[in-house]
Amino acid sequence: MTGSGASRHASHRLMTTPTALSPLLQRHRSIRRYKSEPIDPALLDAVLQYAFAGASSSGNLNMVSVVRTRDAERKRRLYELHFEQDMVLQAPLVLTFCADTWRTRQWLQRRDARLNFDNLLAWHVASFDAIIVAQTTALALEAEGLGICYMGTTLHAMREIADFLELPPNCLPATSLVVGWPDEAPAQRDRLPMAAWCHDETYQRPSGEQIDAQFHDREVKGWARYQSLHEGFLARMAELGVDSLAKFYTCDLKYAPKRFREDSEKLRVLFEERGFLP
Ligand SMILES: Cc1cc2nc3c(=O)[nH]c(=O)nc-3n(C[C@H](O)[C@H](O)[C@H](O)COP(=O)(O)O)c2cc1C
């Protein structure tokens, strides 16, 4: 290592103050209440262009398409497809990030190149690019003071959303963001402690006691949050025998195993039909 490289390295090791990005990351909250105020189209264009340019891309193939939904009637339909989550109606914008190998395949075909990217690996390549663009966009939007929330429901209504957005074959939605000016300032949500998820050299499997310790804060804080929800919800949890955060996560109100199994099978069929699983 050169002298200057060594000193750069040393200064990194000593650095304990936040980097330029850290305050932005600290401010992150998923926003679920929005003002009706629209987003300046020029600002949105600029954010998307910077985010796309600043996101790594596998082979620089850019196998991503983003569909902007702003029209109120069309947003209403997306609201239905996203399990009627209110923020889809409130936020002035929904961005759907699609894994898109169709455009690339059109280009290959027109150049008499060998065709590819109609397989499961290509789905992963393109959907990872889509997620990277989505998260880069999320950060860029948050830097402008805008709020975002990811929509996991995209995976459960993939076919319906693909059809509604008129996506071609070899193009499917990987995730969505609702975007708008925040009308709430929620508290920062906890995460698992670093010791739980960060490993040196090899994966260190935690003991049962370590699992208990690692999940302790999440259990207390997460459970307290759900306990503060409305009475009807709590009654339903009691009916289902949910008496802990862990049980809540896989009960019928949250990530029900049956729905995951059924929706996984739907995805398999959809991937076959739309050219990602030959
Ligand atoms: C891929 C993904 C899908 C998500 N889907 C939803 C969703 O459908 N509805 C919702 O209210 N929040 C959704 N979220 C937001 C998470 O609930 C949120 O990120 C988590 O609780 C941590 O809170 P924070 O983002 O405010 O730190 C999703 C987040 C991710 C990363």
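Me: Where in the chain is N62?

Reply: N62 sits in the loop between α3 (41-53) and β1 (64-69). Helices are DSSP runs of H or I with at least four residues, strands are DSSP runs of E with at least two, and both are numbered from the N terminus. This is a predicted model, where local features need pLDDT of at least 70, side-chain atom pairs count only at pLDDT 80 or more, and totals for chains, interfaces and linings use all residues. Residues are numbered from 1 along each chain as its sequence is written, and side-chain values use heavy atoms, with hydrogens and water left out.

Me: Why is N62 called partly exposed?

Reply: Buried means under 20% relative accessible area, exposed means over 50%, and partly exposed is in between (1.4 Å probe, protein chains only). N62 has 26% relative accessibility, so it falls in the middle class.

Me: What makes the phi of N62 worth a look?

Reply: Most residues other than glycine have a negative phi. N62 is not a glycine, yet its phi is positive, at about 55 degrees. E201 is another residue other than glycine with a positive phi, near 70 degrees. E201 belongs to the loop between α10 (194-197) and α11.

Me: Which class does E201 fall in, buried or exposed?

Reply: E201 has a relative accessibility of 83%, which is over the 50% limit, so E201 counts as exposed.

Me: How many disulfides are there, and how do you know?

Reply: There are 0. A disulfide is a pair of cysteine sulfur atoms within 2.5 Å. For C149, the closest cysteine sulfur belongs to C98 and is 18 Å away, so the pair is too far apart for a bond. For C171, the nearest cysteine sulfur is that of C98, at 4.7 Å, and C171 is in no disulfide.

Me: What makes C149 and C171 buried?

Reply: The relative accessible area is 4% for C149 and 1% for C171. Both values are under 20%, so both cysteines count as buried.

Me: Which class does T137 belong to, buried or exposed?

Reply: T137 has 0% relative accessibility, so it is buried. T137 lies in helix α7 (residues 120-143). Leaving out residues up to four places away in sequence, T137 touches V47, L48, A51, L95 and F97, where contact means heavy atoms within 4.5 Å. A polar atom of the T137 side chain also lies 2.7 Å from the backbone oxygen of V133.

Me: Why do we say that the buried residues of α14 line one face?

Reply: The buried residues of this helix are D263, L270 and F271. Seen down the axis, they fall within an arc of 95 degrees, so they line one face of α14. The arc is that of the directions from the helix axis to the C-beta atoms. K258 and R261 are exposed on the other side. The cover over the buried residues includes α7, α8 (153-156), α9 (158-164) and β4 (171-180).

Me: Which members of the largest nonpolar core touch the most other members?

Reply: They are L95, W123, L141, L172, V178 and V179, in a core of 52 residues. A nonpolar core is a set of buried Ala, Val, Leu, Ile, Met, Phe, Trp, Tyr and Cys residues joined through side-chain atoms within 4.5 Å. Helix α7 gives the largest share, 8 residues. A second, separate core has 7 residues, among them F233, L245, F248 and C251. In soluble globular proteins, nonpolar side chains tend to be buried together.

Me: Why is W223 called partly exposed?

Reply: W223 has a relative accessibility of 22%, and that value is between 20% and 50%, so W223 counts as partly exposed. W223 lies in helix α11 (residues 208-227). Apart from neighbours within four places in sequence, W223 is in contact with R218, M237, V242, D243, S244 and L245.

Me: How many helices and strands are in the chain?

Reply: The chain has 14 helices and 4 strands. Of its 278 residues, 34% are buried.

Terms used: A polar contact is a pair of N or O atoms within 3.5 Å; within protein, one must be able to donate a hydrogen and the other to accept it, and residues adjacent in sequence count only if both atoms are side-chain atoms.
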